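My entries are kept in the order in which I checked things.

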Amino acid sequence: MKIAITGTPGVGKTTVSKILGERLGFKVIDITDFVKKNKLYKEYVEEMDSFLIDFEKLKKALEKEDNVIFDGHISHLLDVDYTIVLRCDPKIIEKRLKERGYSEKKILENVQAEILDVCLCESKGKVYEIDTTNKKPEEIVEEIISAIKEGKERKGVVNWLEKYFDYLI
Ligand SMILES: Nc1ncnc2c1ncn2[C@@H]1O[C@H](COP(=O)(O)OP(=O)(O)OP(=O)(O)O)[C@@H](O)[C@H]1O
């Protein structure tokens, strides 16, 4: 089984993926690290401080993986059996990315992406969305395991637009 753990940067993907991998005995692949290490990108985009990923090369490089968790904010674009979309209050994401030393511009871009449900809208196939706000990582992992066991699908659990509209203007 291939599971994507996706969501806005700072939402808690890596934290959750590590615990989930231990619980399921699955390998965890950090997609950003994997792309950099294997040079699966077309170019580095300076102003965005990010890589333009070569998706065909990336998918080919991952196609033989099984019993694996793809941890990354674009993992929902890969060929997976289940996509778990983590959500979190944009204020918390903003605080976490500030603590990480991101630029104001990059923080705003990511907070806006969370408000606009970007990862959720791009996710296809079996999707289960979780609002992780004020939940412990272990709690989130339990919810993921039971959702996958029961083949549950869920979208539309949060709506940040009304509360945080000011971040978009
Ligand atoms: N459920 C949680 N409760 C409290 N803090 C959390 C939780 N999940 C993650 N964190 C904290 O939030 C920060 C970001 O977590 P993490 O690195 O897992 O996010 P991420 O989505 O993988 O980010 P990125 O995509 O940028 O790698 C870390 O400091 C982590 O300790």
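The entries below go from conventions to the sheet, then to helix packing and single residues.

**Entry 1, conventions.** I am working on a predicted model, in which local features need pLDDT of at least 70, side-chain atom pairs count only at pLDDT 80 or more, and totals for chains, interfaces and linings use all residues. Residues are numbered from 1 along each chain as its sequence is written, and side-chain values use heavy atoms, with hydrogens and water left out. Helices (H or I, at least four residues) and strands (E, at least two) are DSSP runs, numbered from the N terminus.

**Entry 2, the sheet.** I looked up the strand order first. Five strands form an open sheet, ordered β2-β5-β1-β6-β7, and the pairing is parallel. I count two strands as paired if DSSP finds at least two bridges between them. The edges are β2 (27-30) and β7 (127-131), each of which pairs on one side only. From one strand to the next the twist averages 20°. For angles, axes are lines fitted to C-alpha atoms, for helices over the stretch in contact, and the values run from 0 to 180 degrees between N-to-C directions. I then noted that α1 packs on the sheet and touches β1, β2, β5 and β6. The direction of α1 makes about 175° with that of β5. Contact here means heavy atoms within 4.5 Å.

I went through the pairing of β1 on both sides. With β5 (residues 68-71), β1 pairs in the parallel sense over four bridges. In that pairing, K2 has V68 as its bridge partner, and I5 stands opposite D71. With β6 (residues 82-87), β1 also runs parallel, joined by four bridges. There, A4 stands opposite T83.

Next I asked how many residues of β1 are buried. Five of the five residues in β1 (residues 2-6) are buried, where buried means under 20% relative accessible area, exposed over 50% and partly exposed in between, with a 1.4 Å probe and protein chains only. In a regular strand the side chains alternate between the two faces of the sheet. I sorted β1 by face: K2, A4 and T6 lie on one side, I3 and I5 on the other, and all are buried.

Helix α1 and helix α7 (residues 137-149) pack at about 55°, with their axes 9 Å apart. The two are therefore oblique to each other; under 35 degrees counts as roughly parallel, over 145 as roughly antiparallel, 65 to 115 as roughly perpendicular and the rest as oblique. The crossing of α1 and α7 is right-handed, the term for a near helix turned clockwise from the far one by less than a right angle, with anticlockwise giving left-handed. From α1, the residues T15, V16, I19, L20, R23 and L24 meet P137, E138, I140, V141, E142, I144 and I145 of α7. I sorted the residues of this contact into nine nonpolar, one polar and three charged. Nonpolar covers Ala, Val, Leu, Ile, Met, Phe, Trp, Tyr, Cys and Pro, charged covers Asp, Glu, Lys and Arg, and polar the others, Gly among them.

Helix α4 (residues 90-99) packs with helix α5 (residues 104-115) at about 155°, their axes 9 Å apart. They are therefore roughly antiparallel, and their crossing is right-handed. On the α4 side I listed P90, I93, E94, L97 and K98, which meet E104, I107, N110, V111, E114 and I115 in α5. This contact divides into six nonpolar, one polar and four charged residues.

T8 lies in the loop between β1 and α1 (13-24). Is T8 buried or exposed? T8 is buried, at a relative accessible area of 5%. Setting aside neighbours within four places in sequence, T8 is in contact with K13, I93, N110, A113, E114 and C119.

I53 belongs to strand β4 (residues 50-53) and counts as buried at 18% relative accessibility. L40 sits in the loop between α2 (31-37) and β3 (41-45) and is buried at 7%. The two are 13 residues apart in sequence and 6.1 Å apart, C-alpha to C-alpha. Not counting residues up to four places away in sequence, I53 touches V35, L40, Y41, K42, L58 and I74.
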